[in-house]
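Please read this briefing alongside the sequence and the coordinates.

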Amino acid sequence: MKKIFIVMMLLGVVCARAELDQSVLHSEEKLIALLKSAGTSENDMVTACQNLGWCGTVKSFDTLYALLSHDKAHIRHAARYGLEMIPDVKVADLFNRAAGELKGDALLGVVQSMGNRGNAASVKILTGRLSDADKRIAAASAQALGKLATDEALAKLKDSMGKCPSVSAACLEAADTIAARDPAKAAACYAAIRNTADNVTKAQRLAALRGEIVTAGDNGLQLWREAIQSSDGDTVDTALRAVLDYPADAKATTAFAEMLKKAVSARIRLAGMLGTRGDKAAVPALAAMAGDTKSVDVTGRLAAASALAAMNDPAAVPALIALVKDQNQQIAANAKNALIGFAGVSADDAVLRMMNENSRQAKLSGIELALSRRMSERAVAVLTGLVADTDAAVSGEAVKAIGSLGTDREIPVLLKVIKENPANENAIKALASLCERYARPRGGKTVIKSAIYGDFENSLTQDVTDNVQKLVDAGSITIQASGRLCRWDGFSRDPAPGRPKVLRMIYTFDGVEKSVQVRENDSVHLSGEVILPAAYNPVRSAYNKAEGPEKLALFQVLTSLSNEQGLEVARTAAKQDADRALQEAAIRVLINWKTPDALKDAAAFAQNAPTERLKILALRGFVRQLEMSFTIPIVRQIEMLRDAQAWAPREQEKQFMASAVANMEKKYDESGFKSMFNGKNLSEWRGGDGWWSVKDGILQAQSFENKPCEHTCHLIWKGGEPGDFEMRCEFLLSPDANSGVQLRAANQVRGDSGYQADMNGSGKYVGYLYHPKQHLVGQRGAKVVINAKGEKSVKQFADSDQLQKKVFQAGTWNKYRIVCKGPSIKLYVNDILTSEFEDHRPDTPRKGFITLQMHKGKPMKIQFRNLRIKML
Amino acid sequence: MKRVVKERAGDFSRRKFLKSAAAVGGAVALPTFVPASALGRDGNVAPSERIVMAGIGLGRRGSGDLKNWVLPNKDAQFVAICDVWKERRDSIKKLTDRAYGNKDCKTYVEMMEVLARPDIDAILTATSDRLHATVSIRAMRAGKDVYTEKPASMTIAEGQAVVKTAREYGRVYQAGMQRLSEANFIVCNELLRMGRLGEVKTVYAHLAPFGDVNMKRDWLPAEPLPKAEDFDWDRWLGPCPWRPYNKHYINGGWHHQHDFYTSVIGEWGSHTFAQCHDALGMTDTSPVHYPYVDNPTADGMAMRFANGVTMIQKQEGWRGTCGVRYVGSEGWCSCADGYARPEVSNPAMLADYQKILQDYITRTGHIVGHMEDFFRCVRSRTHTTADPELMHRSMSTVHCANIAQWLKRDLTWDPVKEEFVNDEQANRFRSRAAREGWQIC
């Protein structure tokens with residue numbers, strides 16, 4: 001994201017020149033003219049050369065050729081850049097000619113270009129340059145010859161072998177190119193490199209070994225055998241790599257596989273390579289290694305089993321099936337996992353055979369494999385037979401597997417199992433999971449009416465309706481509650497850093513309005529899910545006919561998805577009272593419903609459920625569902641909760657309801673507040689004399705010994721000049737800090753004005769209302785009234801010192817609540833009233849700025865958080 | 001030798017990886033994986049020697065790779081940093097020395113010097129786009145294995161050279177498309193490969209929502225050239241066209257410059273195309289048809305593979321970055337960074353999420369964690385998840401799409417001959433001439 005930010009900033013950078021006209025950029029003639037014109041800037045020359053590469057023809061040759069000898073390196077480069085792009089074969093002649101005329105760096109560039117666009121004549125010139133006094137030119141010539149890779153180029157390079165490492169590198173490059181058309185010639189070249197004593201690096205020597213192994217036929221295989229058993233680790237690595245590159249050839253594969261026994265130190269990795277090589281000729285050797293039950297080398301056996309799996313060849317299947325039955329559980333599990341991922345019918349067939357074997361273990365392994373391989377029809381047919389198996393474990397696993405693999409055709413089988421034994425949990429789960437696979441989002445139009453994300457308690461939210469609608473329009477049916485829905489504000493996408501957030505959405509689905517609330521990182525499924533008729537109808541019809549435990553079992557199936565269909569089934573069952581067990585189950589399902597859709601049901605059951613126990617559960621369900629119902633205004637929610645208090649049958653529930661009401665009232669108490677500080681930056685504040693900053697979501701000011709605060713100053717809130725309001729905040733002060741919240745103040749950074757909710761580190765002034773002229777006028781623990789004539793009356797309601805001890809704790813976060821209305825100002829510290837003040841004088845300002853003070857003095861640290869305000 | 005259709009694994013801090021590995025372990029009782037310790041040269045004995053690693057050009061992204069993936073990994077020992085920028089050399093040295101509690105990290109300006117050190121096994125490179133292939137090829141020629149950040153090629157020819165060099169020198173190479181080794185993206189690709197989505201005819205690859213296909217060709221005003229020991233402008237440019245020094249280029253301004261950048265398509269396409277190529281098994285080919293789209297970002301371009309499967313690049317449709325979306329006859333799945341789980345047409349598809357992941361790991365030998373996968377392959381010498389071929393083919397798709405947009409016409413690409421069909425002009429853009437002294441491919 002930083003990247004974007006930088007790019008945005010750079011968009012503002014002004015170009016060094018005016019852009020070339022589009023008509024010039026695509027006209028060969030005009031570009032040539034531009035290059036020939038005396039006044040053309042270097043930048044334009046480079047651009048013109050490049051563009052000739054894009055649109056130029058032989059007509060540009062002379063102009064570009066002339067620039068190959070330009071005294072500026074970047075102009076020479078641009079000319080080559082353009083020329084190399086022009087497809088005409090005669091470009092080679094141009095470079096050849098230039099090579100005869102140029103020297104030094106200019107020649108170096110041209111030599112490079114000859115590697116890309118050279119011809120037979122270039123080979124001759126480059127060969128001559130192999131012994132150039134300028135080593136860079138000699139090296140570049142070798143490289144160019146390697147790229148051209150004609151037979152002649154290779155021959156010349158071989159002749160110069162050992163002169164410098166560049167020649168060896170070029171030989172390798174040419175040999176690799178030639179190997180495709182003439183492996184023997186390449187092999188001879190690789191051998192020559194390996195046999196050269198000087199100027200061949202170890203990497204080149206190893207590369208030549210690899211090359212010779214894969215190109216030299218039988219000789220190559222012999223080389224490989226020696227290499228894989230070498231004591232040099234790099235040589236062994238090279239041999240291993242050659243297994244991947246060696247041409248397809250069963251004889252070679254067999255030769256590699258034989259070494260599984262001999263090259264002991266490399267066998268694990270060799271087994272892996274043979275798996276990746278994928279030639280079935282390696283199967284017998286790998287199978288023997290994997291199935292060697294006498295071997296203590298379990299890792300080796302595992303590696304061989306993995307290799308058989310990676311091979312993905314039907315020939316490996318019998319070996320893997322045998323390993324599934326291995327005594328070593330690791331090996332067996334490994335083989336099983338391998339078969340799971342094994343593509344193709346051969347593995348399917350083998351699994352079916354296993355399921356039909358007589359042994360219990362084989363059957364169970366077969367079922368597990370069929371399940372994991374997600375085999376369908378043929379496997380399901382066998383599984384249906386196994387449902388009746390006399391072994392309960394086999395029968396149980398078969399039922400489970402049908403739930404996972406079966407289609408609507410298998411529903412009768414599962415219904416039959418349930419009918420015979422309604423307590424069969426496997427069958428109930430299997431049928432439910434089968435139905436779940438038939439659940440589809442109901443097609444329909446979704447319109448997002450509102451989507452708000454953030455911390456609602458503290459009013460730190462962002463409207464994300466547009467972004468959510470965009471996602472929906474692009475086909476998303478699930479919306480994840482995360483900052484990714486939010487706008488980038490230049491710092492983050494988090495509207496409330498470090499706080500628990502929720503996403504609240506109101507949307508219509510096919511015209512029906514729905515509301516939903518989810519926590520951060522959870523997802524909303526926007527469209528209702530329904531089970532398709534093919535699966536739903538047979539289960540529903542069996543349910544309608546069933547009675548007793550069977551009906552109860554099918555009820556579980558039908559309501560497991562918590563969808564509209566389930567709601568309907570549950571509501572109907574809850575009404576009927578013939579079958580008490582079913583009715584009770586239905587009531588329990590409804591009061592635990594996952595969405596607020598069953599709020600009314602829960603309310604009804606809290607009053608009318610047949611037993612007290614159910615009434616209690618319903619009451620709790622009602623409260624839980626009400627918490628999710630954010631579309632109901634809080635005031636109404638409080639009313640509903642108060643009404644519901646009457647339903648509480650016991651003392652315990654009465655307490656529970658009382659605390660639910662209190663919670664909701666607290667929520668209401670906080671409702672309507674808007675944040676004064678975004679937790680990220682000072683964008684909502686100004687002034688402050690440079691003292692204030694934001695760290696970890698906290699607004700803070702700090703002074704030091706060497707940087708003391710010498711002038712009392714104020715950070716001014718930009719949110720206007722409120723008169724009647726309630727403001728809340730939390731503050732934390734260092735022992736020597738002196739600060740305060742200024743109310744109805746003047747628009748000034750330095751010096752005090754207006755009233756102040758006072759505070760200092762020791763707590764001595766906390767809870768006092770201060771005024772710059774009247775000082776601690778609103779005393780702590782007193783109601784002070786100044787009448788219109790300016791006469792003051794004081795009525796103490798608590799002892800000031802005791803009140804300080806009661807409401808304030810130094811060194812921790814404390815809360816301030818400031819309520820201003822008309823002539824009255826009330827201060828609460830940690831929710832306890834500390835000062836009540838009325839000023840009826842007509843000339844006292846009744847509105848003004850809100851500011852945070854930093855008082856001059858000793859080094860201090862002042863911290864604020866959760867600053868919020870509600871206009872009254 | 002036939003190229004096995006490989007399944008691959010993606011990105012993760014080590015801590016996250018361990019967490020997910022633990023979750024996987026919970027689902028399957030037995031370890032069924034050949035342990036990395038067994039892949040050392042001594043067979044069953046855990047290798048005492050670590051993979052010795054050096055960095056070339058590590059800035060913001062590269063230092064993250066180093067800090068999160070290399071330094072905490074006991075399998076690796078980071079010993080040297082090469083950077084043309086002193087500030088960054090010093091900060092990487094500081095980071096490394098602090099992590100190891102010593103002063104041993106050496107610093108270099110010239111990459112050939114660090115590549116000449118015989119004790120170094122592997123290179124981590126995270127220069128910006130323009131040098132990834134140059135560094136990778138030079139390192140492999142020196143016998144080093146390479147982990148390179150993306151986009152790993154500037155041109156089609158560079159990609160070909162990376163493939164050729166890795167083969168010639170038998171080197172292990174991993175391109176930084178780390179989502180290929182991230183659990184959520186692996187599961188999406190597995191859903192497609194296992195046929196759970198039915199027949200997949202259309203996939204969507206997320207395109208960055210910023211930038212332009214047509215890039216700038218600025219010469220910003222010349223500023224005083226810094227001293228080479230503080231910042232080496234010539235080495236920074238490498239094979240790319242010279243222009244006067246201006247610090248904006250090096251502070252991120254290289255983005256959106258034709259000479260240094262692979263356009264808005266390369267920005268995320270280098271990830272998302274690779275993810276799609278891999279899921280579809282198109283690891284050794286590219287789409288054949290590139291229809292020109294008349295908007296500045298090529299949003300909506302529907303590239304078609306020879307078998308008729310269409311890959312559409314889209315800017316919208318995800319709530320995180322670098323997303324993919326696979327649409328089949330029986331369902332669809334979609335994933336981007338930050339998703340708790342992939343989004344699927346039917347939640348039942350993810351019921352056995354952990355098992356899908358475990359099966360993938362067992363079957364392929366690849367693990368969750370892109371750098372860890374690299375280290376594992378350095379030991380075993382086998383193919384990485386993002387090997388040269390997948391890098392080259394998915395980057396070819398990026399380059400072809402760019403060229404179609406530059407030329408404002410539909411293009412047909414022959415992925416076997418690696419040339420455009422009947423379009424000599426498009427073919428011109430397959431390579432670029434290197435500056436004097438910088439030719440490597």
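The points below are grouped by topic.

This is a predicted model, in which chain A is divided into four stretches, namely domain 1 (22-247), domain 2 (302-439), domain 3 (443-527) and domain 4 (676-871). Chain A also touches chain B, and the contact takes 93 residues from chain A and 67 residues from chain B.

**Chains and their contact**

- On the side of chain A that touches chain B, the residues by class are 40 nonpolar, 30 polar and 23 charged.
- Within chain A, the C-alpha centres of domain 1 and domain 2 lie 58 Å apart.
- Chain B has 14 helices and 15 strands, and of its 441 residues 57% are buried.

**Helix H15 of chain A**

- Helix H15 of chain A covers residues 217-228, and its twelve residues should span 16 Å at 1.5 Å a residue, which agrees with the 16 Å that separates its end C-alpha atoms.
- The buried residues of H15(A) are Gly220(A), Leu223(A), Trp224(A), Ala227(A) and Ile228(A).
- Because these buried residues fall within an arc of 125 degrees when H15(A) is seen down its axis, they line one face of the helix.
- Asp218(A) and Glu226(A), by contrast, are exposed on the other side of H15(A).

Note on methods
Residues are numbered from 1 along each chain as its sequence is written. Chains are lettered from A and ligands numbered from 1 in the order in which they are written. This is a predicted model: local features need pLDDT of at least 70, side-chain atom pairs count only at pLDDT 80 or more; totals for chains, interfaces and linings use all residues. Helices (H or I, at least four residues) and strands (E, at least two) are DSSP runs, numbered from the N terminus. A residue is buried if 20 or more other C-beta atoms lie within 10 Å of its own, exposed if 12 or fewer, and partly exposed in between; C-beta atoms are placed from the backbone. The expected span of a helix is 1.5 Å times one less than its number of residues. The arc is that of the directions from the helix axis to the C-beta atoms. Two residues are in contact if their C-beta atoms, placed from the backbone, lie within 7 Å. Ala, Val, Leu, Ile, Met, Phe, Trp, Tyr, Cys and Pro count as nonpolar, Asp, Glu, Lys and Arg as charged, and the others, Gly among them, as polar. Domain bounds come from an automatic or database domain assignment.
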